[in-house]
Amino acid sequence: MDKLIKVQNLIKEFPIHKGFFNKKVGAVHAINNISIDIYKGETLGLVGESGCGKSTTGRCILGLEKPTSGTILFDGIDTNNCDADQKKELKKRMQIIFQNPYSSLNPRMTIGDTLKEPVAIHKHMSKSEIDTNIKKLLDVAGLPSTVLNKYPHEFSGGQRQRVGIARALVLTPEFIVADEPVSALDVSIQAQIINLLQDLKEELSLTYLFISHDLSVVKYISDRVAVMYLGEIVELAASEELFNSPKHPYTQALLSAIPVPDPNNNESKRILLAGDIPSPANPPQGCKFHTRCKYVMDICKKEIPPTYRVQDNHQAACYLLKDA
Ligand code: SF4
């Protein structure tokens, strides 16, 4: 498959300032040197605990956060070193679906105005062309055209997320970052939205970066899955491969926490991690996971483990895989 996005050595730090003179006293290391490719037409799942850098990664790719260093290429265009016209073009080609559909919609704008605004800015269309396009879009998102004159507060959570999806699609993007798109929704509605995202991907040939802490959802929707811990990608594999044969101790612990819907199944034993996730303002040396890993060795505390390729479609950063 062709690469749509190439992230190379991405680092993002947020400075910590203190005192009357706003002096810089440190930094939150949100993303620590990650490199990853996203292929055209795939859904790449990005999982990990809250605060591990998933959303910051998505926001850097979209240009909503400026990386501290590293490069992001979208279809060969360096997103942080391109001219104003290219930036405008990129804005159309990349979109985001937010976690909370209510707070991401302007409560004072009707759904019609919310959807028409970006088209009016970015596309040269007549009023009737815009109206026809918006009606088609609502149909795709499973909403009746009667919603156009309504306000966000008049909808349920699921309907609002459909509006959020319609808004993300209004400029006909190729790539969408779905940032926890179902975690604010009722379980019964989650499946509808996930199925809608799947259908849209096929129909419109979209590429997704699907960010979630819900492993069951990620397993269902993703072609490949990247696992993040404290700003680093610790494991990356094809979805089935990762869920059947996780290699990194952190991934193994995460997967062991997925509930099994069979009370007689005693095979899956939950792996409890010791301690809390360390502060990204003061991350540990060496392997970031060493403070919680039951296999920790001396070298893990001193040196960052390299990424070992265990199969064509599977890699992980752990010294245990050195001779695998
Ligand atoms: Fe554990 Fe060491 Fe592997 Fe890190 S490198 S996950 S500390 S065994």
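Modeller: Let's take Leu 204, which is partly exposed at a relative accessible area of 38%; that value falls between the 20% cut-off for buried and the 50% cut-off for exposed. Bear in mind that this is a predicted model. Leu 204 belongs to helix α6, which covers residues 187-204. Go 70 residues along the sequence from Leu 204 and you're at Ala 274, with the two C-alpha atoms 44 Å apart in space.

Now set that beside another pair. Asp 2 and Asp 75 are separated by 73 residues in sequence, yet their C-alpha atoms are 9.3 Å apart. Asp 2 sits in the segment before β1 and is exposed, because its relative accessibility of 53% is over the 50% cut-off.

That takes us to the sheet β1 belongs to. It's an open sheet of four strands, ordered β2-β1-β4-β5, and the pairing is antiparallel. The edges are held by β2 (23-39) and β5 (77-78); each has a single partner strand, so one side of each has no neighbour in the sheet. Further in, β1 (residues 3-18) pairs with β4 (residues 69-74) in the antiparallel sense through five bridges. If you want one to click on, Ile 11 has Ser 69 of β4 as its bridge partner.

Next, have a look at β9. Six of the six residues in this strand (residues 224-229) are buried, so β9 is largely enclosed by the rest of the structure. Both of its faces are covered: on one side Arg 224, Ala 226 and Met 228 are buried, and on the other so are Val 225, Val 227 and Tyr 229. Strand β3 (residues 43-47) runs parallel to β9 and is joined to it by four bridges, including the one between Gly 45 and Val 225. β9 also pairs with β10 (residues 232-238), this time antiparallel, over six bridges; Arg 224 has Ala 238 of β10 as its bridge partner. β9 and β10 make a hairpin with two residues between them, and Leu 230 in the turn has a positive phi of about 45°.

You'll find a positive phi just after helix α1 too, where Gly 63 comes in at about 85°. As for α1 itself (residues 54-62), seven of its nine residues are buried, so the helix is largely enclosed by the rest of the structure. The buried ones are Lys 54, Thr 56, Thr 57, Gly 58, Cys 60, Ile 61 and Leu 62.

Last stop, the ligand. The space it takes is the largest cavity. Around the ligand you'll see His 248, Pro 249, Cys 287, Phe 289, His 290, Cys 293, Tyr 295, Cys 300, Pro 305, Cys 318, Tyr 319 and Leu 320. By type, that shell has ten nonpolar residues, two polar and no charged. As for disulfides, a search of the whole structure turns up zero.

Note on methods
Residues are numbered from 1 along each chain as its sequence is written. This is a predicted model: local features need pLDDT of at least 70, side-chain atom pairs count only at pLDDT 80 or more; totals for chains, interfaces and linings use all residues. Side-chain values use heavy atoms; hydrogens and water are left out. A disulfide is a pair of cysteine sulfur atoms within 2.5 Å. A residue is near a molecule or strand if one of its heavy atoms lies within 4 Å of it. On a 1 Å grid over the protein atoms alone, a cavity is a set of points where a 1.4 Å probe fits but cannot get out, and a pocket is an open set with protein on both sides within 12 Å along at least five of seven lines; lining residues have an atom within 4 Å of a point. A molecule sits in a cavity or pocket if more than half of its atoms lie within 2 Å of its grid points. Ala, Val, Leu, Ile, Met, Phe, Trp, Tyr, Cys and Pro count as nonpolar, Asp, Glu, Lys and Arg as charged, and the others, Gly among them, as polar. Two strands pair if DSSP finds at least two bridges between them. Buried means under 20% relative accessible area, exposed over 50%, partly exposed in between (1.4 Å probe, protein chains only).
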